[in-house]
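Hello,

Here is the structure I promised to pass on to you. Have a look at it first, and then read my notes below.

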Amino acid sequence: MSRIFVTGGSGRLGRSVVSGLAGAGHTVISVDRDAIPAEQLPAGAEQYTADLLARGEAERLIRETAPDAVIHLAAIAVPFSAPEDVIFSTNTRLAYAVVSAATDAGVPKIVTASSPTALGYGSPAGWLPPSFPLDERTPPKPWNAYALSKLIAEQTVQMFAAAQGDKIRYAAFRPCFVISPEEWEGALTQQGHTVRERLDDPALSAPALFNYVDARDVADFLDVLLDKMDTIPNGEVFFVGANDALATAPLAGLFPRFLPGSGPLTEHLTGTSPAFSVDKARGLLGWEPKRTWRTELTPPYAGPDTAANRAPLNDEIPAGLVPAGATKETP
Ligand SMILES: NC(=O)c1ccc[n+]([C@@H]2O[C@H](COP(=O)([O-])OP(=O)(O)OC[C@H]3O[C@@H](n4cnc5c(N)ncnc54)[C@H](O)[C@@H]3O)[C@@H](O)[C@H]2O)c1
């Protein structure tokens with residue numbers, strides 16, 4: 001059991017990280033500009049409201065709370081949700097302020113959130129990786145300020161690791177499109193639509209290359225990462241995603257429609273295979289994502305949400321749209 005300082009703990013991902021780590025028996029210190037409503041703060045968690053960009057705030061809070069680990073999530077988390085220069089300066093300054101303050105205070109384990117967007121998919125000028133599935137060896141080619149700021153967050157922990165050697169352990173992780181427990185039940189996701197709408201219309205999930213991860217699986221990943229950080233190389237970066245794609249049809253068929261030129265690279269993405277590999281986290285940490293949309297969506301997915309589909313069904317639901325374990329009678 002450790003004391004874990006989490007920045008951005010009131011956010012979409014942060015709330016699950018705070019409750020997941022508190023549930024795993026850690027004392028969690030959540031720091032955010034916005035407070036978690038008191039009735040939602042889990043047992044084992046405490047919180048401080050602060051602007052971590054204010055000079056000296058990160059260092060003051062880290063020294064006062066004396067954590068064993070820092071997980072830095074606070075950021076502007078949506079590309080193009082603010083002017084590009086604001087996203088760039090906010091995210092890079094936050095990462096530097098928190099990681100340097102934790103380093104100066106001698107916190108032994110420091111982790112920062114990056115993003116798969118660092119790879120550069122979605123560029124209006126076109127983008128194709130050398131191969132699929134995408135993994136930590138795929139060359140990053142960020143094309144916007146958010147993606148660049150996340151790559152710099154990774155390089156920030158790597159810079160400190162290079163300067164400190166192994167007396168402080170650093171890591172970065174790239175969570176796929178995060179889905180929180182309430183979003184499985186119909187709340188709007190970060191992109192303003194529901195998970196069900198994302199499954200109904202592959203054009204909504206295609207910009208993220210059909211990636212996703214349950215927020216509780218990210219919390220589990222962080223718990224395992226903190227436990228194993230002493231035993232793995234310093235400054236590593238990990239993808240954190242689900243074991244399947246957020247799509248009702250194989251990606252081998254979907255990719256050529258949404259990513260020109262990707263057909264020959266993706267024809268092996270059959271069945272439920274995702275575009276992103278978590279083999280590195282699996283191999284180095286022994287972490288495995290436990291949740292999938294097939295088990296978490298409430299009520300379970302039973303085909304596109306069209307008027308025809310809401311009517312009583314006598315015909316077969318098309319093959320590929322039936323989630324594992326569900327029957328045609330599923331509501
Ligand atoms: N949600 C995703 O799908 C996703 C995917 C990849 C990476 N990420 C990364 O994960 C992290 C968390 O994402 P999220 O979806 O929870 O974002 P979010 O916007 O829901 O939460 C971010 C939190 O950071 C806080 N914050 C921002 N600036 C701050 C400051 N100056 N001082 C104190 N607190 C501040 C905000 O108040 C907010 O609660 C981010 O770094 C994001 O880039 C998220």
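Proline 133 sits in the loop between strand E5 (109-113) and helix H4, where helices (H or I, at least four residues) and strands (E, at least two) are DSSP runs numbered from the N terminus. A cis peptide bond, with omega about -5°, links this proline to phenylalanine 132. Another cis bond joins threonine 298 and proline 299, with omega about -10°; proline 299 belongs to the loop between H12 and helix H13 (307-310).

Before you go further: this is a predicted model, in which local features need pLDDT of at least 70 and side-chain atom pairs count only at pLDDT 80 or more, while totals for chains, interfaces and linings use all residues. Residues are numbered from 1 along each chain as its sequence is written, and side-chain values use heavy atoms, leaving out hydrogens and water.

Most residues other than glycine have a negative phi. Alanine 66, however, has a phi near 45°, and its loop runs between helix H2 (57-65) and strand E4 (69-72). Phenylalanine 80 has a positive phi of about 65° and lies in the loop between E4 and H3.

Now for the inside. Which residues touch the most other members of the largest nonpolar core? They are Phe173, Phe221 and Leu225, in a core of 52 residues. Helix H8 (residues 215-228) contributes the most to this core, with six residues. A nonpolar core here is a set of buried Ala, Val, Leu, Ile, Met, Phe, Trp, Tyr and Cys residues joined through side-chain atoms within 4.5 Å; buried means under 20% relative accessible area, exposed over 50%, and partly exposed in between (1.4 Å probe, protein chains only). A second, separate core has 24 residues, including Val31, Leu61, Ile62 and Ala101.

Enjoy exploring!

Best wishes
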